[in-house]
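Here is a short tour of one model, written for a reader who likes cut-offs next to the values. Please have the viewer open while you read.

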Amino acid sequence: MAIFGNDKFKCTRCEQKGEPLGYAPFPSEDGERVAKEICKDCWQAWQKKQMQLINHFGLDVSNTDSHQFLVDNMKIFFFNEGVELAQIDTSKEGNVSW
């Protein structure tokens with residue numbers, strides 16, 4: 001739970017005092033929760049992780065199943081709610097030939 005006071009709060013994910021994201025990144029209850037409980041630095045970390053997941057799994061972000069996959073992983077990433085964050089195999093990183 002975020003702790004508010006003097007425009008500073010304690011981020012749910014990193015547990016550091018900082019600045020909340022301050023806006024719902026998407027129009028839903030989950031988006032509102034992110035706005036209130038997650039700091040800007042953790043949101044940026046999620047955006048990087050989300051892009052990795054999209055690229056690694058070749059997700060079509062217009063597909064409802066892909067969207068749900070990302071939401072489920074976001075809940076794990078921010079709130080530890082769920083089974084396990086999807087793992088990205090980096091063992092072949094830098095070895096792909098085009």
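In which helix does D72 lie? D72 lies in helix α3, where helices are DSSP runs of H or I with at least four residues, numbered from the N terminus. Before going on, a word on the ground rules: this is a predicted model, in which local features need pLDDT of at least 70 and side-chain atom pairs count only at pLDDT 80 or more, while totals for chains, interfaces and linings use all residues. Residues are numbered from 1 along each chain as its sequence is written, and side-chain values use heavy atoms, with hydrogens and water left out.

D72 is partly exposed, because its relative accessible area is 36%; buried means under 20%, exposed over 50%, and partly exposed in between, with a 1.4 Å probe and protein chains only. The side chain of D72 makes a polar contact with the side chain of Q68 at 2.8 Å. Such a contact is a pair of N or O atoms within 3.5 Å; within protein, one must be able to donate a hydrogen and the other to accept it, and residues adjacent in sequence count only if both atoms are side-chain atoms.

N73 is also placed in helix α3, and N73 counts as buried because its relative accessibility is 4%. Its side chain reaches the backbone nitrogen of A86 at 2.8 Å. Not counting residues up to four places away in sequence, N73 touches W46, L53, E84, L85 and A86, where contact means heavy atoms within 4.5 Å.

F69 lies in helix α3 and is partly exposed, with a relative accessible area of 26%. Leaving aside neighbours within four places in sequence, F69 is in contact with L53, F57, L59 and A86.

Two C-alpha separations involve these residues:

| Pair | Apart in sequence | C-alpha to C-alpha |
|---|---|---|
| F69 and A86 | 17 residues | 9.1 Å |
| D72 and G82 | 10 residues | 7.1 Å |

**The aromatic rings**

A search of the whole structure finds six aromatic pairs. Rings of Phe, Tyr and Trp (its six-membered ring) pair if their centres lie within 6.5 Å; planes under 30 degrees apart count as stacked, over 60 as edge-to-face and the rest as tilted. One of the pairs is W46 with F77, tilted at 5.3 Å centre to centre and 50° between the planes. This pair links distant parts of the chain, 31 residues apart, with W46 in helix α2 (residues 40-57) and F77 in helix α3 (residues 64-79). W46 is buried at a relative accessible area of 1%, and F77 is buried at 13%. W46 also forms a tilted pair with F78, at 6.1 Å centre to centre and 55° between the planes. W43, W46, F77, F78 and F79 form one aromatic cluster.

**The buried side of α2**

In α2, C42, W43, W46, K49, L53 and I54 are buried. They cover an arc of only 140° around the axis, so they sit on the same side of α2; the arc is that of the directions from the helix axis to the C-beta atoms. What covers these residues includes α1 (29-37) and α3.

Definitions and conventions. Helices (H or I, at least four residues) and strands (E, at least two) are DSSP runs, numbered from the N terminus.
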